[in-house]
Amino acid sequence: MRINEHYAKLPASYLFPEIGRRVRAYQAAHPDAKVIRLGIGDVTEPLAPAIVEAMHAAVSEMGERATFKGYGPEQGYDFLIDAIREHDYQARGVDIAGDEIFVSDGSKCDSGNIQEIFAVAARVAVTDPVYPVYVDSNVMAGRTPMLIEGNEANGFQPEPPKEPVDVVYLCSPNNPTGTVATRTQLEKWVAWAKANDTVILFDAAYEGYISDPSLPHSIYEIPGAKDCAIELRSFSKRAGFTGVRCAFMVVPKTVTGLDPSGKRVSLNSLWARRHTTKFNGASYVVQRGAAAAYSPAGLQQTNAQIAFYMENARLIREGLTAAGFTIFGGVHAPYVWLRTAGGATSWDFFDQLLDKAQVVGTPGAGFGPAGEGYFRLSAFNSRANIEEALGRIRRVFG
Ligand code: MLT
């Protein structure tokens, strides 16, 4: 049996398991250390009561002969798709058809799987630094993504590249830099994509953290985007679903690609074929929970959680600035991006922070070469832990 040789081109381990391995080793050597984890962006607040109630009710339905459900619709139940259409799109002036929405068990899977419908020879670009799944999933398939550098000069929101590509991944609010694309910046990307016949994969997993009403939450708020963009959304950060697992992808029927004979094919029909072949639908109980996030109580409770995390982000921004760090992001995203102290490499800074302050963050280099010299702190934690972590950082670096 010959293995997929492209795996040899990947780093030995995925970023977050590698961080976990290093933290476990540190903790084993320092069993009394109270380590505060601001590394992986994993929510810490419990599920909102409205969601818990809906999931309990759904479990009860599954336990009754009259209301039990087996396989559901592969693309998702109408009750959830209708809520998505109304709250995420119609409310922002965007009309998305029900069969353009594909409910799934997470954006990590969606963003890793979508590349299956591109030609192996497709030219793929990502902004750098970047969520590693976009790059690694393409490398596994034999592609080498082109990197578009984000840096301080462009505010970590790079412009479209000069050379045309077939697919570009954009993420706004951005993971890892916590910066957000303005309407004007997204208009540029859409105009460029349409001019170059490029498909934009727009990851809006963090849109719930946008507080400035002038900023777009969806790429489809930009005219023309329904001809060139696929959008990824997630309940993980929006409704605390990292351990529950539910997301969706919007693939408008008007987004097309070329087959080998040059004929235009709708990506919606390709993705529908892929999704219904390899996925049997997200669980009924989970989809009931996700739909409850759109109820008046669900919205009020999940918005309060987001406000709580964003207050953490504000404390991190202010605490780090007071300690002399140069920081970015953290205003419309739960991530603060900082320049490492004294020009340390990002893994050296990771070790220093762990060793001296017992605080875990994510080294920028783990998100690509342009992340070297930077570091990401997540705002997902208790207020007490955020305050304790900032106190320690100030004592060590301030
Ligand atoms: C992160 O920390 O970058 C995210 O939690 C990763 C993810 O959403 O898969």
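This is a predicted model: local features need pLDDT of at least 70, side-chain atom pairs count only at pLDDT 80 or more; totals for chains, interfaces and linings use all residues.
The following paragraphs describe the domain arrangement, the interdomain contact, a four-stranded sheet and selected salt bridges of the chain.

The domain assignment divides the chain into domain 1, made up of residues 5–46 and 297–397, and domain 2, which spans residues 49–294. The C-alpha centres of domain 1 and domain 2 are separated by 25 Å. Their contact draws on 39 residues from domain 1 and 45 residues from domain 2.

About 3200 Å² is buried between domain 1 and domain 2, and 63% of this area falls on carbon and sulfur atoms. On the domain 1 side, Tyr14, His332 and Phe367 account for 22% of the area buried against domain 2, a share exceeding that of any other three residues. The number of salt bridges between the two domains is 1. Arginine 339 and glutamate 152 form a salt bridge through their side chains, with an N to O distance of 2.8 Å.

Helix H10 (296–322) and strands E11 (327–329), E12 (335–339) and E15 (374–378) each provide at least two residues. Of the contributions to this side of domain 1, that of H10 is the greatest, at 10 residues. Classified by residue type, the side of domain 1 that touches domain 2 comprises 22 nonpolar, 13 polar and 4 charged residues.

Strands E11, E12 and E15 also belong to an open sheet of 4 strands, which is arranged in the order E11-E12-E15-E14 with antiparallel pairing. The edge positions are taken by E11 and strand E14 (362–363); each has a single partner strand, so one side of each lacks a neighbour in the sheet. The antiparallel pairing of E12 with E15 extends over 5 bridges. Within this part of the sheet, valine 336 has leucine 377 of E15 as its bridge partner.

Across the whole structure, 20 salt bridges are found.

Definitions and conventions. Residues are numbered from 1 along each chain as its sequence is written. Side-chain values use heavy atoms; hydrogens and water are left out. Domain bounds come from an automatic or database domain assignment. Contact means heavy atoms within 4.5 Å. Buried area is the accessible area (1.4 Å probe) that two parts lose on being put together, summed over both. Ala, Val, Leu, Ile, Met, Phe, Trp, Tyr, Cys and Pro count as nonpolar, Asp, Glu, Lys and Arg as charged, and the others, Gly among them, as polar. Two strands pair if DSSP finds at least two bridges between them.
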